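Student: Could we go through this model together? I would like to ask about single residues, the ligand site and the core.

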Amino acid sequence: MKIGILFVCLGNICRSPMAEAIFRSLVQELEIEDQFDIDSAGTGDWHIGDGPHQGTVQKLAEHNISTEGMYSRQLRLEDYDRFDYIVCMDNSNIENALPMLGQPESSKVFRLLDLLKDPKDVPDPYFTGDFEETYQLCVEGCKALLQKIKEDGGSHS
Ligand code: 4NP
(Lines give C-alpha, C1' and ligand atoms only; values in the text may rest on other atoms or scores of the structure.)
Protein backbone atom coordinates (compact mmCIF):
# COMPACT_ATOMS: atom_id res chain seq x y z
CA MET A 1 0.00 0.00 0.00
CA LYS A 2 1.34 3.41 -0.99
CA ILE A 3 1.29 6.36 1.39
CA GLY A 4 -1.21 8.88 0.00
CA ILE A 5 -0.33 12.55 0.29
CA LEU A 6 -2.65 15.27 -1.02
CA PHE A 7 -1.61 18.92 -0.92
CA VAL A 8 -4.53 21.35 -0.83
CA CYS A 9 -4.81 25.10 -1.47
CA LEU A 10 -7.46 27.44 -2.85
CA GLY A 11 -6.82 27.54 -6.60
CA ASN A 12 -4.46 24.54 -7.03
CA ILE A 13 -2.25 26.64 -9.32
CA CYS A 14 0.29 28.28 -6.94
CA ARG A 15 1.00 26.71 -3.54
CA SER A 16 -0.25 23.11 -3.60
CA PRO A 17 1.32 22.30 -7.01
CA MET A 18 4.56 23.85 -5.67
CA ALA A 19 4.44 21.57 -2.60
CA GLU A 20 3.45 18.54 -4.70
CA ALA A 21 6.36 19.00 -7.11
CA ILE A 22 8.85 19.68 -4.29
CA PHE A 23 7.75 16.64 -2.28
CA ARG A 24 7.92 14.43 -5.38
CA SER A 25 11.42 15.68 -6.17
CA LEU A 26 12.48 15.07 -2.56
CA VAL A 27 11.39 11.42 -2.58
CA GLN A 28 12.79 10.92 -6.10
CA GLU A 29 16.21 12.06 -4.86
CA LEU A 30 15.94 9.52 -2.04
CA GLU A 31 14.73 6.87 -4.54
CA ILE A 32 11.67 6.14 -2.44
CA GLU A 33 9.02 7.62 -4.78
CA ASP A 34 7.46 4.17 -5.34
CA GLN A 35 6.20 4.30 -1.74
CA PHE A 36 4.00 7.36 -2.40
CA ASP A 37 0.79 8.42 -4.12
CA ILE A 38 1.25 12.21 -4.38
CA ASP A 39 -1.31 14.68 -5.73
CA SER A 40 -2.73 18.17 -5.14
CA ALA A 41 -6.16 19.80 -5.37
CA GLY A 42 -7.92 23.10 -4.81
CA THR A 43 -11.02 23.86 -2.80
CA GLY A 44 -12.06 26.38 -5.51
CA ASP A 45 -13.16 25.51 -9.05
CA TRP A 46 -11.90 28.55 -11.00
CA HIS A 47 -8.80 26.94 -12.48
CA ILE A 48 -9.90 23.35 -13.14
CA GLY A 49 -7.80 21.99 -16.02
CA ASP A 50 -5.25 24.84 -15.91
CA GLY A 51 -1.53 24.25 -15.48
CA PRO A 52 0.33 25.79 -12.53
CA HIS A 53 0.74 29.60 -12.31
CA GLN A 54 3.73 30.99 -14.24
CA GLY A 55 5.32 32.09 -10.96
CA THR A 56 5.22 28.52 -9.63
CA VAL A 57 6.49 27.09 -12.95
CA GLN A 58 9.42 29.56 -13.06
CA LYS A 59 10.42 29.14 -9.42
CA LEU A 60 10.43 25.35 -9.72
CA ALA A 61 12.34 25.53 -13.02
CA GLU A 62 15.10 27.50 -11.21
CA HIS A 63 15.53 24.36 -9.11
CA ASN A 64 15.25 21.97 -12.07
CA ILE A 65 11.83 20.75 -10.97
CA SER A 66 9.33 20.12 -13.76
CA THR A 67 5.58 20.79 -13.62
CA GLU A 68 4.86 18.83 -16.79
CA GLY A 69 1.55 16.97 -16.72
CA MET A 70 0.24 18.89 -13.70
CA TYR A 71 -3.27 20.35 -14.02
CA SER A 72 -5.58 21.92 -11.47
CA ARG A 73 -8.43 19.86 -10.10
CA GLN A 74 -10.97 20.42 -7.35
CA LEU A 75 -10.97 18.55 -4.05
CA ARG A 76 -13.58 15.77 -3.93
CA LEU A 77 -15.25 13.58 -1.30
CA GLU A 78 -13.38 10.41 -2.40
CA ASP A 79 -10.04 12.08 -1.63
CA TYR A 80 -10.67 11.46 2.06
CA ASP A 81 -10.35 7.69 1.70
CA ARG A 82 -7.62 7.75 -0.95
CA PHE A 83 -5.12 9.89 0.97
CA ASP A 84 -3.47 9.40 4.38
CA TYR A 85 -2.19 12.97 4.72
CA ILE A 86 -4.31 15.89 3.50
CA VAL A 87 -1.91 18.78 3.77
CA CYS A 88 -3.41 22.24 3.52
CA MET A 89 -1.58 25.51 2.96
CA ASP A 90 -3.60 27.72 5.32
CA ASN A 91 -6.39 27.66 7.88
CA SER A 92 -9.06 28.76 5.41
CA ASN A 93 -8.15 25.76 3.21
CA ILE A 94 -8.86 23.48 6.21
CA GLU A 95 -12.20 25.19 6.88
CA ASN A 96 -13.19 24.81 3.23
CA ALA A 97 -11.81 21.30 2.79
CA LEU A 98 -13.39 19.50 5.78
CA PRO A 99 -17.03 19.80 4.61
CA MET A 100 -16.00 18.89 1.04
CA LEU A 101 -14.40 15.74 2.50
CA GLY A 102 -17.53 15.01 4.56
CA GLN A 103 -15.68 15.42 7.86
CA PRO A 104 -16.46 17.64 10.86
CA GLU A 105 -12.79 17.36 11.80
CA SER A 106 -9.93 14.97 11.08
CA SER A 107 -6.36 14.39 12.23
CA LYS A 108 -5.52 13.57 8.56
CA VAL A 109 -6.14 17.20 7.68
CA PHE A 110 -3.55 19.75 8.83
CA ARG A 111 -1.43 22.67 7.62
CA LEU A 112 1.95 22.00 6.03
CA LEU A 113 3.64 24.46 8.38
CA ASP A 114 1.94 23.04 11.48
CA LEU A 115 4.92 20.68 11.39
CA LEU A 116 7.41 23.48 12.12
CA LYS A 117 8.40 24.87 15.51
CA ASP A 118 6.57 28.07 14.57
CA PRO A 119 3.30 26.89 12.96
CA LYS A 120 1.88 29.25 10.33
CA ASP A 121 0.06 29.57 7.01
CA VAL A 122 1.85 29.45 3.67
CA PRO A 123 1.03 32.98 2.40
CA ASP A 124 -0.71 32.99 -1.00
CA PRO A 125 1.66 34.21 -3.75
CA TYR A 126 -1.35 34.73 -6.05
CA PHE A 127 -1.89 37.83 -3.89
CA THR A 128 1.62 38.53 -2.46
CA GLY A 129 3.55 37.85 -5.70
CA ASP A 130 6.33 36.32 -3.58
CA PHE A 131 6.95 32.89 -5.09
CA GLU A 132 10.43 32.66 -3.52
CA GLU A 133 8.84 32.78 -0.05
CA THR A 134 6.40 30.06 -1.11
CA TYR A 135 9.22 27.91 -2.43
CA GLN A 136 11.33 28.22 0.73
CA LEU A 137 8.38 27.49 3.03
CA CYS A 138 7.26 24.52 0.93
CA VAL A 139 10.78 23.03 0.99
CA GLU A 140 10.92 23.41 4.77
CA GLY A 141 7.41 22.00 5.18
CA CYS A 142 7.98 19.06 2.81
CA LYS A 143 11.14 18.02 4.65
CA ALA A 144 9.23 18.16 7.95
CA LEU A 145 6.38 16.16 6.38
CA LEU A 146 8.72 13.41 5.23
CA GLN A 147 10.21 13.28 8.72
CA LYS A 148 6.71 13.00 10.23
CA ILE A 149 5.81 10.16 7.85
CA LYS A 150 8.96 8.32 8.88
CA GLU A 151 8.11 8.86 12.56
CA ASP A 152 4.58 7.60 11.88
CA GLY A 153 6.22 4.42 10.57
CA GLY A 154 5.21 5.02 6.97
CA SER A 155 8.36 5.37 4.92
CA HIS A 156 11.19 2.82 4.80
CA SER A 157 14.55 4.27 3.85
P1 4NP B 1 -3.34 29.04 -4.68
O2 4NP B 1 -3.49 30.58 -5.12
O3 4NP B 1 -4.48 28.76 -3.76
O4 4NP B 1 -2.02 29.00 -3.98
O5 4NP B 1 -3.36 28.23 -5.96
C6 4NP B 1 -4.66 31.08 -5.73
C7 4NP B 1 -4.86 30.92 -7.07
C8 4NP B 1 -5.99 31.45 -7.67
C9 4NP B 1 -6.91 32.14 -6.91
C10 4NP B 1 -6.72 32.29 -5.55
C11 4NP B 1 -5.59 31.76 -4.96
N12 4NP B 1 -8.05 32.72 -7.52
O13 4NP B 1 -8.81 33.42 -6.83
O14 4NP B 1 -8.27 32.49 -8.72
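Student: Where does N12 sit?

Tutor: N12 is in the loop between β1 and α1. Helices (H or I, at least four residues) and strands (E, at least two) are DSSP runs, numbered from the N terminus. This is a predicted model, in which local features need pLDDT of at least 70 and side-chain atom pairs count only at pLDDT 80 or more, while totals for chains, interfaces and linings use all residues. Residues are numbered from 1 along each chain as its sequence is written, and side-chain values use heavy atoms, with hydrogens and water left out.

Student: Is N12 buried or exposed?

Tutor: N12 counts as buried because its relative accessibility is 2%. Buried means under 20% relative accessible area, exposed over 50%, and partly exposed in between (1.4 Å probe, protein chains only).

Student: And what is phi of N12?

Tutor: Phi of N12 is near 55 degrees, which is a positive value in a residue other than glycine. N64 also has a positive phi, near 55 degrees, and is not glycine either. N64 belongs to the loop between α2 and α3, and N64 counts as exposed because its relative accessibility is 76%.

Student: Let us turn to the ligand. Which residues surround the ligand?

Tutor: The surrounding residues are C9, L10, G11, N12, I13, C14, R15, W46, H47, D124, Y126 and F127. A residue is near a molecule or strand if one of its heavy atoms lies within 4 Å of it.

Student: How does that shell divide into nonpolar, polar and charged?

Tutor: The shell has seven nonpolar, three polar and two charged residues. Ala, Val, Leu, Ile, Met, Phe, Trp, Tyr, Cys and Pro count as nonpolar, Asp, Glu, Lys and Arg as charged, and the others, Gly among them, as polar.

Student: Which polar side-chain atom lies 3.0 Å from an oxygen atom of the ligand?

Tutor: That atom belongs to D124. In the side chain of R15, an N or O atom is 2.8 Å from an oxygen atom of the ligand, and a polar backbone atom of L10 is 2.9 Å from a ligand oxygen. A polar contact is a pair of N or O atoms within 3.5 Å; within protein, one must be able to donate a hydrogen and the other to accept it, and residues adjacent in sequence count only if both atoms are side-chain atoms.

Student: How much of the ligand does the protein bury?

Tutor: The protein buries 92% of the 350 Å² that the ligand exposes when taken alone. Accessible areas come from the Shrake-Rupley method with a 1.4 Å probe; for residues, only the protein chains shown count as cover.

Student: Back to D124, where is it found?

Tutor: D124 is in the loop between β4 (109-111) and α5 (125-128). D124 is buried, because its relative accessible area is 14%. Leaving aside neighbours within four places in sequence, D124 is in contact (heavy atoms within 4.5 Å) with C14 and R15.

Student: What about H47?

Tutor: H47 lies in the loop between β2 and α2, and H47 is buried, at a relative accessible area of 18%. Beyond four places in sequence, H47 is in contact with G11, I13, S72 and Y126.

Student: Where does S72 lie, then?

Tutor: S72 is in the loop between α2 (54-62) and α3 (79-82). S72 counts as buried because its relative accessibility is 4%. A polar atom of the S72 side chain lies 3.2 Å from the backbone oxygen of G11. Not counting residues up to four places away in sequence, S72 touches G11, N12, I13, H47, I48, G49 and D50.

Student: New topic: how many residues has the largest nonpolar core?

Tutor: The largest nonpolar core has 37 residues, and those with the most contacts inside it are I5, F7, I22, F23, F36 and L145. At least two residues of this core come from each of β1 (3-9), α1 (15-29), β2 (36-42), β3 (85-88) and α6 (131-151). The largest share, ten residues, is supplied by α6. A nonpolar core is a set of buried Ala, Val, Leu, Ile, Met, Phe, Trp, Tyr and Cys residues joined through side-chain atoms within 4.5 Å.

Student: What is I5 in contact with?

Tutor: Setting aside neighbours within four places in sequence, I5 is in contact with F23, F36, D37, I38, D39, F83, Y85, V87, L145 and I149. Another core lies apart from the largest one and has 13 residues, among them L6, V8, L98 and L101.
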